[in-house]
Structure formats: C-alpha cells, structure tokens
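Colleague: I would like to learn how to read a few features of a model. Could we take a helix, a sheet and a pair of domains in turn?

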Amino acid sequence: MREVHGQASVETTTLVGTEPVPVEVQVDVAPGLPAFSIVGLGDTAVLEARERVRSALRTGGFRFPNARVVVNLAPGPLRKHGTGFDLPIALGVLGATAQIPRDVWTGCRAVGELSLDAAVRPVPGMLAHALGARRDHLPLLGPLASAHLADGLPGLTFRGISSLGMLLAEEHSMPVPATVPPRVTLPELGDVGGLKTARRALEIAAAGGLNLLLIGPPGSGKTMLARRLGSILPPLEGEERIETALVHSVAGLSEAPALNGQRPFRAPHHSASLAGLVGGGSPPRPGEVSLAHNGVLFLDEFPEFAPSALQSLRQPMEDGYVTLVRAEGRLRFPARFTLVAAANPCPCGYLGDPVKDCRCTDTTIDRYRNRIGGPLMDRIDMAIGVERLDPSALVHAPCGESSAAVRERVCAAREHMREADRPNVATLSGGALLSACRLTPRTRQTLTDVGRQNHLSGRGITRLMRVSRTIADLEGSSRVTNDHVMEALAFRREDLR
Amino acid sequence: MNNNGRWQLARGEEGYPYELEDLPDPPALLYGFGDPALLGGGLAIIGSRKATPYGRACARRFAAWAATHGVSVVSGAAIGCDLESHEAALEHDGPTIAVLPCGADVDYPLRAAGTLARIRRHGAVVSETPWGSDPKRWSFVRRNRLIAALSVAVLVVEAGLPSGTFTTADHALAIGREVYAVPGSIFAPECRGSNRLIRQGAMPITDVAELAQALGQEACAEILPEVSNRLISALVASPMRPDDIARAFDLDIVETIRTLGLFESQRLVTRYQDGRYGALPR
C-alpha cells in the first residue's frame, strides 16, 4: 500500500491555571525512516501520547503511517501538559494521511485523551477547554462523556465522540442520555440538639459570608457544626456555578456538584502543605482555598496548621484570589471563601472546662494562640465559645430547627442585601459600612460606648458593625439598631480564648 | 543602700524586717528595691493565676480598701489575682509589696514588667534569691513563706484545686498569721480551693467591713446595690453560657444574647474568656 504523505493542523487548548490558551497541533507525515516525534515543550504526559495514538489508531480501524511523523505544538515557548493532546494529534495524523475528510477537524477545537482501545476520555479541566471554545466561537470536539457540559454553557457547540471509530460515522454526535448526578445530602442542622448560640452564629456567618472562629474543648461539636454550614448556605447562582466548577474541573474533580448549585465545603487536614492550601506544583494546581471558592473553607485545629500556611491565607482572604508566581509566569486562581476555623481553647483543650482541669501554663497558651497571628486573626469577624455538651442537655434538648428553615432565613437576608443594593457585608469597611448601617444617633452612641468599654480597635468596631449589619438583614431591617449591636457583641472575638 | 534604689539586707542588720524572724528559716539575705521600711504588717492578697472576673474583682476591691486605709498589700506579682491586687493598690496610692520567686530585679512574669517597675518606685519588690536569678520550681513555695511572714493576715480571694495559695496559707498558720478566704460559687471549679479553706477554718470575708473588723480597723458599713433582675442574680450564683441561661429561663436564644449584650454594656455582667457570662461584682 502506498503511503500518503502530507500535513495537517488541528486546533486545541492547553491550560495555564484555569485559562485555556489556544495551541496549534501541526502534524507532518513525510517520507523517511519511520519515526514519531513530538516537539514544542510538552511534558511527559504529552510525549507519551505517541504510544497511545499509535495503538488507538490501529484499534480504531485506521492505520498509523509507516513514515516519518513529526508533531509540533505551537506556540513553541509555551509549556504544554496533560493528555488532552492525544485526540488532536490523532486527528492530525489521520488528516495528514487523508484517512478522514478534512471537514472533520477543520474549524473546530479538539481535546481528549485516548485509550489504547481507541476510546476518547475526558481530561481534567474539560470545563475550562469548553469555556475556551465558547470564548473563541469554535465548536469543540471531545469525549462524549463530557457532553453534559454543553447543557450549562449556552452558545457552545459540542461534538462528543466515544471512540475514534465514530469519526467516520455519519452523525458525529450521539444524543447523550441526560446524566443526573446524585444529589449529595448534606449533614442536617436539625440533628444538632442544643448549641443554640453556635447555631445562631452559623446562621449569621452564612447570611453575611462572615469568617467564624469556633473555640471549644475536644468533643464539643465544633466540627459537627462547621460541617453543617454548607446545608444552610443558599445555592450557587449563575456565574458562581461556572467559576467554582471551573476550579474543580481544572483540579480533576467532578464539576457536577458545583454546576448543580452545591457550594463547596473543603476541610483540609492541618498537616496540609503550603502548596496544598493555596495551590502550586507543576503544572500548578488550585489549592484548597480555590477549591473552596464561593463556598466554605473549614480549618479544624486552626493553630496546628503550619504558620507559613496560615499566613498564606491572608492574600486570598483580602483579595478573593491567589496569585502564584512561577518561573513560567504568574497565574491566578479565584479564592473567595467563608473561613470557618476551629480551635481548642489551649493546647490540652480543657481550659474553662467545668469538669476537667487544664494543665497548660499561661506561656504555652499564649504561644498556642500567637501561632495564628494578629493579621490573620483580624480577618476573622466572629468568634464563639462552644461548650462541651452536658449529656443531660443533649438528651433533653429537642432537635433544633432544620437546615431548610434556617436556609430560608439566610436566603431572605441575602435577598434583603441585594434589594438594598449593597455588596457583600464581608467586603465592606469604613465609610461604606457606616452608611450601610444607617445608624441612628442613639445607636451610634451605643456603638461608641461599647467600643470604648471593651477596648475595641478600629478593626474591632468594623467587625462589630459587619455582624450587626448582617443581624439586621436577617431581621429584614434597613437600619442597624441597638438590639442588633447588643447581639453582635456576644460574637466579638476580643478577649475570647 | 545601693544606687537605683536597690538594696540588700543581711539578717541582723538594721532595717531587716523583724517579722521574718518568725519563720523557722529566715532568709540570710534579703534583696530588694524601694522602701524597706514598708515591709511587715501588711495584708497578703493572693489567688489563682487563672482568675475569673469574680476573683479579679474581689482582689481589686479588698486591695483598694487596704490601700486607702494605709495597709500595705503584699502579693506575688503573678498573673491573675496577684497582679490585680498590686495594681489596685497602686491606683489608690497605697503601699504595695511584691515578693518574687526570682531576683528582685528580674521582671517575672514578663507581662507584669510595667506593674513591677511601678512597684519598685512606689512600693517595694523583694526577694531572697540573688540579683538576676531566674525563678526555679521550688522558689515559688519558698517565696510564699515570705509573703505570709510579711503580713498580719493572708486573704485568699480565689483558688481552684490544687492551688499554690495553700502553701502560703499553711506557712501563715505555722507562724501564727490569720488566714481569710473569700467564698465563691459552689459550682465554680475556680473557687473550690478557697471554699475548702473556709471549711478548714479560714475566716470567710464577704465584704470590706468584715475585713476591716478582722484586721481590727474601724468597720465601715458597705451597702451593696440590690439586685432585682433574676437573670443577674442567677449569674451572681454561677457564671453560665447563653445556652444554659436560655434553657434555665426558658428564653429565646436571640433574646438571651441581646439581653446579655445590654447588661454587658451596662457593666452588670461580663463575658468570661471561655464564653460564659458572669455577674460583675459592684
């Protein structure tokens, strides 16, 4: 059989952070000693495409040319990674050897991994590639398993194939059975008996998106409470869904929960590394703070985290994103989250316990607390002491309100904020916060008195006003009144240990 | 006397407080700052380091009374009740004496450095350990016998179990000094030690008039404001968390939190460091 020689070029994208960057896959099939090489700064996964493509072409009913095959990934200086190049390379080889008609690949993007049996599989970040195709007004040729992404992205033409063999089929896209991912049932707040103060604090934190610190001895239910915060948050909306799903997709996690509106809840262990927390590695992957984007980041045993890891939380908490600077350049992952931190009152955990004695000295307690550091502490709006529940209280306490009931109030409060055309209270400060509170002269005086009496700093007052404003929103009140300030006072974190 | 107001007195030397001779083992050398003439015949006010607002308020009240009645306040400058009583005495321009477990020129605890500096100027800081020595585990107990000897009576304002104040009380009894204790809630672990002292025979002190009488001073009647609110009365008996209060009074939690906030801003109650609320003694 005479060998067909020629060239073909297929469009694809590679990810820089969450950003899809167009890459042209140029394939040259030329006479010469049989060889298959890939140039253009691909990582190991890219180079291994040679073996996958060779086998997949054969099993898919095509033949791999007995010629000199050179693949160039342009632009050359850009580092490329991942297995998404398998499909465009295969298309390029098939096109260059005229095994498939030109219109199969021209004018569209192709992303997908090949298995040896010619199946086309999704790659991490499929959603990012899909967004890139939509941005550049190109149809996307990809794995059939990712076809559901098109549902959430109006304006995107997606052609899903399950194997290379389908390239020759008349119809390129098969109707996809709508996949309804199982709705994850979140832990229910109604299961928590007692702990009413803590439940109220959760409600306020959820409504205002405020950062919360839970302090209590071991076994007091801090973790149990924090896990239930997700169940009272309003569902993700519009752009938020895409933003969150995008980060999850790039990290190789399922994007389905976020696309369904479920807010992420991330609870990294306190041994988490800096890179694990804020992102990093090669290629850079989003860290826990980004995976918690638009959701909750729960840090149990807060002071046990490495100080460097804790301090790295400051930038995302301030700016809402993480900037990673690498030799190849800088990239940015979104990271706007509500922080829920839990800490023991002291290293042994029993300070203030009614029964058990605390064996820590003042110095060790101070050292334990100082690990968190002032600047980070400043970004925590509320704190509460969680008691170790008396067994009798647990038995007698009727089950609390259900998550659904609390979530309704939280949603109403957020609706109230939206009607008043105010940005998220967590981001307000200074004059904007003051005018949002619409204080009466009397409340203004109360606030001043309370601040002076409790030696609150300027930031302390700001936090008090944020919490007060949120409580007012929960009540549907346009003004912050004395009642709201008095309640907010209970959640101040000053002097609490 | 040395420069910077520092002095050291050998046993038998003039100015060496004769009250120390009551001890079975008086220090051979006493190091100090300030006025050695203040030493002896004071009122020791001591209590636990992990003091509650109740303990602090008691220390403050009795120290203030002593300061305004010319009785020097003797204590150990430890964080908590000790420091509170020194500070109250200083605020009322009364004499106060800090007995340290380390060199008299060492700022221990570090957090008390500012207060110690003021005591060195306006009162006296003494120690039996040489200049510059660090505190040792045993030196605290040794120090306590000096606190007892330099006082006519030892007042324990708040002590848990176990407590270092017991050694001071033991020393005091051994050399014929009085031991007084301020009673606390039977539910508060922070008060178990002081309550036990009362059971063992220490005189309970419930107001400044009683203290004055016990010390042989002119008694002055003190009128405590009547507490009418039942919530505050409950908090006087024992500090509670908002959840407990809501349960005990069958109140809505939001209402409870707001009421506590209001009382707090009116200085009727205070929030403890562990999140409980307690009544503020007035």
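Colleague: What should the 17 residues of helix α17 (residues 403-419) of chain A span at 1.5 Å a residue?

Modeller: First, the conventions. This is a predicted model, where local features need pLDDT of at least 70, side-chain atom pairs count only at pLDDT 80 or more, and totals for chains, interfaces and linings use all residues. Residues are numbered from 1 along each chain as its sequence is written, while chains are lettered from A and ligands numbered from 1 in the order in which they are written. Helices (H or I, at least four residues) and strands (E, at least two) are DSSP runs, numbered from the N terminus. The expected span of a helix is 1.5 Å times one less than its number of residues. For α17(A) that gives 24 Å, and the end C-alpha atoms are 24 Å apart, in agreement.

Colleague: Which residues of α17(A) are buried?

Modeller: A residue is buried if 20 or more other C-beta atoms lie within 10 Å of its own, exposed if 12 or fewer, and partly exposed in between, with C-beta atoms placed from the backbone. In α17(A), the buried ones are S403(A), V406(A), V410(A), A413(A), R414(A) and M417(A). They lie on the same side of α17(A), because they cover an arc of only 95° around the axis, taken from the directions from the helix axis to the C-beta atoms. A404(A), R418(A) and E419(A), on the other side, are exposed.

Colleague: What do the buried residues of α17(A) pack against?

Modeller: Contact requires the C-beta atoms of two residues, placed from the backbone, to lie within 7 Å. The buried residues of α17(A) pack against α6 (196-208) and α20 (458-474) of chain A.

Colleague: What is the strand order in the open sheet of chain A?

Modeller: Strands of a sheet pair through backbone hydrogen bonds, either parallel or antiparallel. Two strands count as paired if DSSP finds at least two bridges between them. Here 5 strands follow the order β11-β14-β17-β10-β18 (chain A), with parallel pairing. The edge strands, β11 (265-266) and β18 (382-385) of chain A, each pair on one side only. Inside the sheet, 4 bridges join β10 (residues 212-215) to β17 (residues 338-343) of chain A, and L212(A) stands opposite V340(A) in β17(A).

Colleague: How is chain B divided into domains?

Modeller: Domain bounds come from an automatic or database domain assignment. Chain B has domain 1 (3-214) and domain 2 (230-279), with 33 Å between their centres, taken over C-alpha atoms. The contact takes 6 residues from domain 1 of chain B and 5 residues from domain 2 of chain B.
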